[in-house]
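Reader: I would like a close look at one part of this model. Please take me through a helix crossing and the aromatic rings around it, with the numbers.

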Amino acid sequence: MEFFHTPNHKHSFQHNKKRLTQEQVNLLERNFTSDNKLEPERKLLLAKQLGIPPRQVAIWYQNKRARWKTQSLELDYNAIQAKLETALAEKRRLEKDVERLRGELKKAHDLVLVLNQTQELPAHPVICSMFNSSSAEEGVGSSSLQQHEDQVSDHEVKQLEELYACLIGMQ
């Protein structure tokens, strides 16, 4: 056990390992860009060109691949984060639109109810029968709002279409 903790053993690899020059790093970077996998023949060729041990070339490639993967993951994360922020902003905008449209639907429903109650013309005893009963209440009720917070239901769309047709028919 003592053998592994001796100062000579700890520093022996560091004395043999030389720091790469900028020129050597540039050559390794160019080779890494063309192919990030290191074949044994290429490792030997690079080691010979750079004047360093093949093991140092292999370690440099291994470290570079790890850094490259981390950078790639960071870029992917940032792209996904940007898409998420865009989607959330769009969701908030759509939620505001839904609330605004629900308010308009409620106002239109209330208007139809008032017109139905004050209608005195015999030709039009009921402006739009769909809005004088519980079917309209069902579309804008609180349970419906909670269940369909993020989307307008098919029933609400149908109500809007019928209300529009009804109001256009009054002209």
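Author: Start with the crossing. Helix α3 passes helix α4 in a right-handed crossing. This is a predicted model, so read every value as computed from predicted coordinates. Helix α3 covers residues 40–50. Helix α4 covers residues 54–118. The axes of α3 and α4 come within 8 Å and cross at roughly 110°. Angles of 65 to 115 degrees count as roughly perpendicular, and that makes α3 roughly perpendicular to α4.

Now the contact itself. On the α3 side, the residues are R42, K43, L44, L46, A47 and L50. On the α4 side, they are P54, V57, A58 and Y61. By class, the contact of α3 with α4 has 8 nonpolar residues, 2 charged residues and no polar ones. R42 and K43 are in that list, and Arg and Lys count as charged.

Y61 leads on to the rings. Y61 belongs to the α4 side of the contact with α3. Y61 is also part of a ring cluster, together with F32, W60 and W68. Ring pairs are what link this cluster. A search of the whole structure finds 4 aromatic pairs.

Take F32 and W60. Their ring centres are 6.2 Å apart and their planes stand at 85°. Planes over 60 degrees apart count as edge-to-face, so the pair of F32 and W60 is edge-to-face. F32 sits in helix α2, residues 22–34, and W60 in α4. The pair therefore ties together parts that are 28 residues apart in sequence.

Next, W60 and Y61. This aromatic pair is edge-to-face as well, at 5.5 Å centre to centre, with 70° between the planes.

How buried are these rings? The cut-off for buried is under 20% relative accessible area. F32 has 6%, so F32 is buried. W60 has 11%, so W60 is buried. Y61 has 0% relative accessibility, so Y61 counts as buried too.

Of its 171 residues, 21% count as buried. The secondary structure comes to 7 helices and 0 strands. Along the sequence, the pattern reads α-α-α-α-α-α-α. Consider contacts in the protein with a separation of 6 or more: residues 24 or more positions apart account for 52% of them.

W60 in turn pairs with F32 of α2.

Technical notes: Residues are numbered from 1 along each chain as its sequence is written. This is a predicted model: local features need pLDDT of at least 70, side-chain atom pairs count only at pLDDT 80 or more; totals for chains, interfaces and linings use all residues. Side-chain values use heavy atoms; hydrogens and water are left out. Rings of Phe, Tyr and Trp (its six-membered ring) pair if their centres lie within 6.5 Å; planes under 30 degrees apart count as stacked, over 60 as edge-to-face and the rest as tilted. Helices (H or I, at least four residues) and strands (E, at least two) are DSSP runs, numbered from the N terminus. Buried means under 20% relative accessible area, exposed over 50%, partly exposed in between (1.4 Å probe, protein chains only). Axes are lines fitted to C-alpha atoms, for helices over the stretch in contact, and angles run from 0 to 180 degrees between N-to-C directions. Angles under 35 degrees count as roughly parallel, over 145 as roughly antiparallel, 65 to 115 as roughly perpendicular and the rest as oblique. A crossing is left-handed if the near helix is turned anticlockwise from the far one by less than a right angle, and right-handed if clockwise. Contact means heavy atoms within 4.5 Å.
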